[in-house]
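Biologist: I'm new to this one. Can you walk me through it?

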Amino acid sequence: MVAFNLKTTMSIMLIVVSSFIGQAQNNDATNFDIFNTYGNFGYSVAPVLFNRATITRKYGNTKLSNKPILSYQLGMEYHFNQGKRWGIIIGLNLTGTPLTNASYILNENDIYTGYNNQEQLNGLGSLYISIPLSIELKTRFSKKIYSNIGLGVKAGFLRGSSNEYLVSYYREDLQEVREVFAMYQLTNSKTPNTSIVLSGGLYFILKKCMIKTNLVYNKSFKNIVEGEYQFGNLLVSEPTRGDYKISGDYFALSTTIYFKIKKNKRKKKHNF
């Protein structure tokens with residue numbers, strides 16, 4: 001997974017926004033009146049792929065490998081100034097807290113003969129709330145398709161919690177239990193987790209609803225999960241210990257639906 005630093009992220013945002021502003025200047029404002037026929041509230045769902053955790057080994061030789069963490073997000077948003085080229089969107093999201101997607105392979109001589117020396121660790125924590133606020137710019141592609149790009153900020157509020165993963169081997173004939181791996185984690189709930197959000201995608205105008213599909217990139221300013229891991233009680237290898245941190249950076253593919261506003265049927269008035 002490509003790692004983005006803040007300077008690179010801001011440069012990409014400025015380039016993309018500038019290009020869309022240039023395109024939008026050629027659009028007639030009346031092209032966006034159709035958006036007023038749909039409700040201001042949108043309801044969204046998205047798969048979320050968090051960056052892989054940062055693993056820093058302090059000592060030892062046993063390797064802990066990790067991959068990006070798949071999660072999910074549910075949300076709703078309110079669109080101000082929806083019938084214009086520029087709009088403001090505020091939302092409320094619920095996201096599964098990423099915890100781990102890691103694995104290891106132990107030396108076969110480090111555990112009892114006949115026992116599995118591989119382990120895959122996967123886990124999501126409880127849902128956390130976030131409030132995004134963004135500016136959106138729309139561009140007309142065709143009668144039924146509009147593009148959009150958004151730039152904004154988000155505040156996330158995580159629940160304080162601790163998590164642990166333990167792996168032990170039990171040998172019945174010796175009545176012996178060996179705990180060979182442990183990971184301890186804490187969610188960062190002391191202050192709101194702030195981030196920059198960049199999104200872009202398409203609106204599809206349908207008969208009864210309007211659907212927006214967006215690719216979203218979230219750049220967090222601090223880690224959302226921090227902890228440590230250790231290997232020990234191995235038969236041959238020395239103990240291993242290290243830090244485990246999850247930044248909160250992610251990509252998401254969001255689908256948002258806006259429903260058509262029902263027209264009120266007006267009764268005809270008859271004057272006598």
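What follows is a short chat about the fold and its aromatic rings.

Modeller: Keep in mind that this is a predicted model.

Biologist: Fine. How many helices and strands are in the chain?

Modeller: The chain has one helix and 14 strands.

Biologist: And what share of the residues counts as buried?

Modeller: Of 272 residues, 41% are buried. The chain exposes about 15600 Å². Carbon and sulfur atoms supply 57% of that area.

Biologist: What about contacts between residues 24 or more positions apart?

Modeller: They make up 74% of the chain's contacts with a separation of 6 or more.

Biologist: Switching to rings. How many aromatic pairs does the structure hold?

Modeller: It holds 14 aromatic pairs. One of them joins Phe-50 and Tyr-250 edge-to-face, 5.1 Å centre to centre, with 65° between the planes.

Biologist: Where do Phe-50 and Tyr-250 lie?

Modeller: Phe-50 is in strand β1 and Tyr-250 is in strand β14, so the pair ties together parts 200 residues apart in sequence.

Biologist: Is Phe-50 buried or exposed?

Modeller: Phe-50 is buried, at 0% relative accessibility. Tyr-250 is buried too, at 2%.

Biologist: How are the rings of Phe-181 and Phe-231 arranged?

Modeller: Their centres are 4.9 Å apart and their planes are at 50°, so the pair is tilted. Phe-181 sits in strand β9 and Phe-231 in strand β12, 50 residues apart. Both Phe-181 and Phe-231 are buried.

Biologist: Which residues form an aromatic cluster?

Modeller: Phe-32, Phe-35, Tyr-146, Tyr-203 and Tyr-258 form one.

Biologist: What lies over the face of Phe-35?

Modeller: Lys-138 does, at 4.9 Å from the ring centre.

Technical notes: Residues numbered from 1 in each chain as written. Predicted model: local features only at pLDDT ≥ 70, side-chain atom pairs only at ≥ 80, totals over all residues. Heavy atoms only, no water. Helix = DSSP H or I, 4+ residues; strand = E, 2+ residues; numbered from the N terminus. Buried < 20%, exposed > 50% of the residue type's maximum accessible area, 1.4 Å probe, protein only. Contact = heavy atoms within 4.5 Å. Areas by Shrake-Rupley, 256 points an atom, 1.4 Å probe, with all protein chains shown as cover. Phe/Tyr/Trp six-rings, centres within 6.5 Å; stacked < 30°, edge-to-face > 60°. Lys NZ or Arg CZ within 6 Å of the ring centre and 35° of its normal.
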